[in-house]
Amino acid sequence: MKLQINGRTAYAYTGGKPFDPSLPCVVLIHGALNDHSVWTLLARSLAHHGHSVLAVDLPGHGRSEGLPVSSIGEAADWIWALLDAAGAKQAALAGHSMGSLIALEAAARQPERATRLLMLGTAYPMKVSEALLNTAKEQPLKAIDMVNAFSFGGIASKPSYPGPGAWLQGGEIQLKRRVQARQKALNLFEHDFRLCDSYAGGLQAAAQVRCPTTFILGSQDQMTSPRQAAELAGALNARIVTLSAGHSLMAEAPDPVWNAVRQALN
């Protein structure tokens, strides 16, 4: 589905069904150097179980035009602009990693419109080491390999999603390389990491959130360790679901993630 926001085309995957704003809406927000494709299985499941779904490509990522946003707050405002363009008054907001901070900030900025907040693979503050930032700046392909090694709980894929025999790590590397290559104006990997590193409004945002919140965390997550989410979870009075997986939860544990999301939305 393509929408127009400030004269730019924005793309969102709707899960294989036409978007219907009269249904309970769920927005899925990807992490750094990702796009909507990390949500395809979950988006399809939600779309075929009574929800309208917008798995977005953030500006400058994937199929959405324009430069990437300059802050987590700007991304949050873009999410609501997207919903306005789609004709949806309210939505549950689910984000992974960088996307979880965007979902949090969006729920805080328009709390009357956020029906649920789901934060997957999250931490606050979401600090990135200077060594990784420098590698992302100077050798982005090397940094992609480094992050990929930290993003999975194991080295072998499991016969689940996207399909039996699929190599999850290889797929994630190719996705990041493709998203990086499509953005010519800047080093997108470094840019996204700096957005995460510089975001400092998490606890203030939590104080504004009114809707029920669920954290879905990976017990083997080396990028956003569950213990780094504890303070924010407490501030949000969040329900915490911990799965046996690394940072790339949706790929590593698709069925447990689906179950956790379904419970959070009910």
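**The largest pocket and its surroundings**

Tutor: Helix H6 gives the most to the lining of the largest pocket, with seven residues, where helices (H or I, at least four residues) and strands (E, at least two) are DSSP runs numbered from the N terminus. This is a predicted model, in which local features need pLDDT of at least 70 and side-chain atom pairs count only at pLDDT 80 or more, while totals for chains, interfaces and linings use all residues. Residues are numbered from 1 along each chain as its sequence is written, and side-chain values use heavy atoms, with hydrogens and water left out.

On a 1 Å grid over the protein atoms alone, a pocket is an open set of points with protein on both sides within 12 Å along at least five of seven lines, a cavity is a set where a 1.4 Å probe fits but cannot get out, and lining residues have an atom within 4 Å of a point. Grid points are joined across faces, edges and corners, and a volume is the space filled by probe spheres set on the points. Two or more lining residues come from each of helix H5 (140-151), helix H6 (168-182), H7 and helix H10 (249-252). By class, this lining has 21 nonpolar, 13 polar and four charged residues, with Ala, Val, Leu, Ile, Met, Phe, Trp, Tyr, Cys and Pro counted as nonpolar, Asp, Glu, Lys and Arg as charged, and the others, Gly among them, as polar.

The second largest pocket has a volume of about 200 Å³. Of its 14 lining residues, Asn6, Arg8, Pro59, Leu67 and Trp78 are the closest to its centre. Strand S2 (8-13) and helix H2 (72-86) each give two or more residues to that lining, and S2 has the largest share, three residues.

Pro59 is among its lining residues, as are His191, Asp192 and Leu195. Helix H7 (188-198) gives the most to that lining, with three residues, and H7 also belongs to the elements that give two or more residues to the lining of the largest pocket.
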